[in-house]
Structures are given as C-alpha cells and as structure tokens.
Amino acid sequence: MKEIKLKAKAKINLGLDVLRKREDGYHEVRMIMQTIGLYDRLVIRPAADGQISIRTNLRFLPTGEDNLVYRAAKLLMDEFQIKQGVEIELGKYIPVAAGMAGGSSDAAATLVGVNKLFELGLDTEQLMKRGVKIGADVPFCVMRGTALAEGIGERLTPLPPMPECHILIAKPGIHVSTKFVYGNLRADELKEHPDIDGQIEALKRGDLHGLARLMGNVLETVTIPEYPVIRRIKEVMKEHGALNAMMSGSGPTVFGLFEDAAAAQEAYRALDGGGEAKQVYLVS
Ligand code: ATP
C-alpha cells in the first residue's frame, strides 16, 4: 500500500520582536525563524473507512479535531472532496508546548503528505496559503530554512542559511502557555528591541558571532521574571561556552549556539540530569 513518510522539523527564533498589539488582539511581530534538525515523524496512508485517524506515541495529545494534524488533513480532504480516509502515525519527539512550533510543523508535514498521497498537485506556495488557516507558523514550517517572519508571523522573506553550528536545546519541566505570554506582554512599554535588521546583515555576511551577539526575544520580559529557571539554563549554556543563549518563541525552551562541538557536549552533560531541564537535545 502506498504510504508517505515525512519529517516535521522544529524551529527556533534567532530573534523575536513584537512591534505592537493590533486592534484585533493579534501581535505584530518581526522574527528570524530557523528550522533545526529536531523532528517528529509522520507516516500517512490511505484508509478505506473514509475517516481521519491519528495514532501517536504521546498519550496526552488529542487525536481528534484538536490535533493540528487532523485539521490539516481535513482542510485538504474537504477542499478536494476526497472520499477515502487517511491513517496518520505521529511520532512526537519535538517537546510539546515549548515554543518550537511542533504542532505547526506536524500540520505542515500533513499538508505536504496529503498533497503527495492523493496527487493534488499543489505547489509549496499553495500549501503555505492553506497553512495559515491552521496557524501563523504553519507557512514557515512548509517553507523551512531561514526566514524573516512579519505580520502575525505569516509574511515570510527567505534569508541566507544560518552558518553551521551546534544548537543545544533545553526545555525546563514547566508549562508556559503562549496565551499567557502574549497576554502579559506590555508591547508599548518595551525598553529594548532586538536588532533584527542587524541579524539579517549578519546572516548575509555568514557571521555566526554577529548573529549570536544580536539574539534577543522580547517575550523573555514576561517569562523570565515568572520562571527564573529560564535564566538559569541560559547561564549554564553561556558558562559552558555558548556564543549566546535565548528562549525560543514563547518558551519555555532555551537554546544555545555553540561553535565548538566539545563545549556543546559539555553543556549538554551539565544540563541533562542536572535538575533544571527536563528534555535536552543537541542538534546542528
Ligand atoms: P509554537 O512555537 O507555535 O507556539 P508550541 O511549541 O508552543 O508552538 P505545540 O507543541 O505546537 O506548541 O502545541 C501546543 C498545544 O497544541 C499542545 O498543548 C497540544 O495539546 C496542542 N496540539 C495540537 N496538535 C498538536 C500536535 N500535533 N503536536 C503537539 N501539540 C499539538
């Protein structure tokens, strides 16, 4: 039987700025998005029963309409009036509710997979257009790579790839909702804004040090006072030689950029089992 296997990759934000809160309640952002080598695995097969069924290794995840994978499959299957069903196996490895767009990336992979499985003939741009109906991060997860995201995160401009480096990811064992973070952000009172244009210039020069030096995330103004563990993980990474360390998205995951593989390994060991972080990964 035909089946499609996909990797749904996580993202980090190398820079995250919020310009203002819009009248409709959304925040206007300016972010540098970067796909990383940490991914969920999806297998998509046709099913005879006409249903969309999801199986996953994480028992607490919803498997019905509340799962973004379900919504992505349904969106294409309704539009193209596909009478057959699909069965989707979702192997989750990206930390959940972590600021790494795990759900959005699964949705993006599902759009790509269903398009392929049923030979719908949609190109990347057409998939991205449908993706934004599911979530602001989904178009980037379809496109992947390095990009500037503006608007509510859906307006994308591709950027030169980030220079090679080692990325240490550490998620503390706390739950931080995106809603809480944006709800408590005082966008008009921010004293400092990250230099996103400077980061774009650093990417154009292939300058890892310059890129790392300018890393900044305004959402830390909400999360760090509330959850000091985020600051502590950043400090551990920097003490072990990270060029810089920062919270990704609305958190609570922290990532550090390392030039040196041995230093990254040492920081990994310091955090893994150290009590501060629950999930630790080293990727490039
Ligand atoms: P973002 O970086 O876009 O804010 P996130 O990493 O904070 O994303 P996700 O892991 O995508 O958050 O998921 C957040 C919530 O969405 C979870 O609490 C979960 O119940 C729900 N959800 C729906 N579908 C999925 C999915 N396929 N994978 C993970 N979570 C999902």
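**A friendly note on this predicted model**

1. Let's start with the overall size. For 284 residues, a compact globule would have a radius of gyration near 19 Å, and the protein has 19 Å, which agrees. That radius is taken over C-alpha atoms, and the globule rule is 2.2 Å times the number of residues to the power 0.38. Along the principal axes, the C-alpha atoms fill a box of roughly 55 × 45 × 35 Å.

2. A word on how to read the model. Residue numbers start from 1 along each chain as its sequence is written. The model is predicted: local features need pLDDT of at least 70, side-chain atom pairs count only at pLDDT 80 or more, and totals for chains, interfaces and linings use all residues.

3. The protein holds ten helices and eleven strands. Both are DSSP runs numbered from the N terminus, with at least four residues for helices (H or I) and at least two for strands (E).

4. How much of the protein is buried? Buried residues make up 44% of the 284 residues. A residue is buried if 20 or more other C-beta atoms lie within 10 Å of its own, exposed if 12 or fewer, and partly exposed in between, with C-beta atoms placed from the backbone.

5. The assignment gives domain 1 (4-158) and domain 2 (166-283); such bounds come from an automatic or database domain assignment. The centres of the two domains, taken over C-alpha atoms, are separated by 23 Å. Across the boundary, 22 residues of domain 1 are in contact with 31 residues of domain 2, where contact is C-beta atoms, placed from the backbone, within 7 Å.

6. Which element gives the most to the side of domain 1 that touches domain 2? Strand E1 does, with nine residues. E1 (4-21) is mostly covered, since 13 of its 18 residues are buried. E1 pairs with E2 in the antiparallel sense over 15 bridges, two strands being paired if DSSP finds at least two bridges between them. Here Asn13 stands opposite Met33 in E2. In the hairpin of E1 and E2, with five residues between the strands, Gly25 takes a positive phi near 95 degrees. E1 also pairs in the parallel sense with strand E8 (residues 216-217), over two bridges.

7. The largest nonpolar core has 84 residues, and among the members that touch the most others are Val69, Ala108, Leu111 and Val142. Domain 1 and domain 2 both give residues to this core, so it lies between them. A nonpolar core is a set of buried Ala, Val, Leu, Ile, Met, Phe, Trp, Tyr and Cys residues joined through C-beta atoms within 7 Å. Leaving aside neighbours within four places in sequence, Val142 has contacts that include Ala108, Leu111 and Met128.

8. Finally, a stretch to look up. In an unreviewed entry, UniProt lists residues including Pro95 and Met100 for "binding site"; positions follow the numbering used here, feature names are shortened, and annotations may be inferred rather than shown by experiment. Pro95 is found in the loop between strand E4 (85-91) and helix H2 (102-117), and Met100 lies in the loop between E4 and H2 as well. Are they buried or exposed? Pro95 counts as partly exposed, with 19 C-beta neighbours inside 10 Å, whereas Met100 is buried, with 26 other C-beta atoms within 10 Å. Leaving aside neighbours within four places in sequence, Met100 is in contact with residues including Ala10, Pro95 and Thr253.

Notes
Two residues are in contact if their C-beta atoms, placed from the backbone, lie within 7 Å.
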